[in-house]
Amino acid sequence: MFKLEALRSSLIVSCQAYPGEPMRDPRTMAQVAQSAVTGGAAAVRVQGLGDIQAARSAVEVPVIGLWKDGHDGVFITPTLHHALACASAGAHIVALDGTRRGRPDGLSLAQTIAGVHEQSPALVMADCGSVADAAAAAEAGADIIGTTLAGYTGEREKTSGPDLEFLHELAALDLGLPVIAEGRIHTPAQGRAALDAGAFAVVVGTAITHPATITSWFADALVP
Ligand SMILES: CC(=O)N[C@H](C=O)[C@@H](O)[C@H](O)[C@H](O)COP(=O)(O)O
C-alpha cells in the first residue's frame, strides 16, 4: 500500500482525453502516464475504468482514478457504484464529486465515502468547488480535499489560473486533511504558487497532457 505522505509537495499529472478525441484510448493514456512519470510525476490521475487498469499496469506510482459520467452537475464518479468500480479497476485513490449537491443514487457524500472505505482499500479524494464543500467533505470522511471543481459549480469565480485565494482560505480553515490543488495550473510557477498557498500537492492536467488545448494557446497567440 502506498503512503499518502510520499506525495507531499509533489506533482501529480492528470492524463485525460475527452469523448471523441483521437487520444481517447487506454493504451495511449497509459503511454502519456508513463511519459509523465519519466518527467517526475509522483502520481497520475486518470479517467475511466480502462484507463485506470492500463495505468496500473504501466506505471509504479499511485493512480488516482475517476469515472466521468455525463458532463453537467454531479458527473465526476457520481455514485457509489462508480466509485467502487474505480477502486476495483485498481485506483489507489478514488476521486469523486465532493460537492454538497445531490447525488444521482440518492446517497449522501458521507454514505458514499463510507461505502468506499468499507468495501475497498482505496482512499477518497473529494473534488470540491468551495470552502463549504471542503468543510462538508472533511466532515463526511474524505481522505483528501481537491480544489478540482473551483470555478465549475457556480460557487466560485473561474479564475484564469489556479484559484490561489481558495487555497489560502482552505489553509486558514485547517481542516486537518491534505488539500490537493487542481484546476487551471498552466505553468511551473503557478504550481509553485499553489504549494506556497498551502497545497499539499499539485495536479496538472491540460498544460501537460492535452495537446489540442496547448496547441490552441500557441495558435491563438500567433493570430495577428
Ligand atoms: C472540472 C473537471 O472536469 N476537471 C477534470 C477532472 O478530472 C479534468 O478535466 C481536468 O483536466 C483536471 O481537473 C485537471 O485540471 P487542468 O486540466 O485544468 O489542469
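Angles under 35 degrees count as roughly parallel, over 145 as roughly antiparallel, 65 to 115 as roughly perpendicular, and the rest as oblique. The structure shown is a predicted model, in which local features need pLDDT of at least 70 and side-chain atom pairs count only at pLDDT 80 or more, while totals for chains, interfaces and linings use all residues. Residues are numbered from 1 along each chain as its sequence is written.

**View A. Helices α3 and α4 pack against each other.** Helix α3 (residues 80-89) and helix α4 (residues 109-119) have axes 9 Å apart and meet at an angle of about 30 degrees, and are therefore roughly parallel to each other. Helices here are DSSP runs of H or I with at least four residues, strands are runs of E with at least two, and both are numbered from the N terminus. Axes are lines fitted to C-alpha atoms, for helices over the stretch in contact, and angles run from 0 to 180 degrees between N-to-C directions.

**View B. Residues that form the contact of α3 with α4.** Leu80, Ala83, Leu84 and Ala87 of α3 meet Thr112, Gly115, Val116 and Gln119 of α4, where contact requires C-beta atoms, placed from the backbone, to lie within 7 Å.

**View C. Eight strands close into a barrel.** The strands follow the order β1-β2-β3-β4-β5-β6-β7-β8 with parallel pairing, and two strands pair if DSSP finds at least two bridges between them. From one strand to the next, the twist averages 25 degrees.

**View D. Strands β7 and β8 run parallel.** Three bridges join β7 (residues 179-182) to β8 (residues 201-204), and isoleucine 180 stands opposite alanine 201 in β8.

Definitions and conventions
Two residues are in contact if their C-beta atoms, placed from the backbone, lie within 7 Å.
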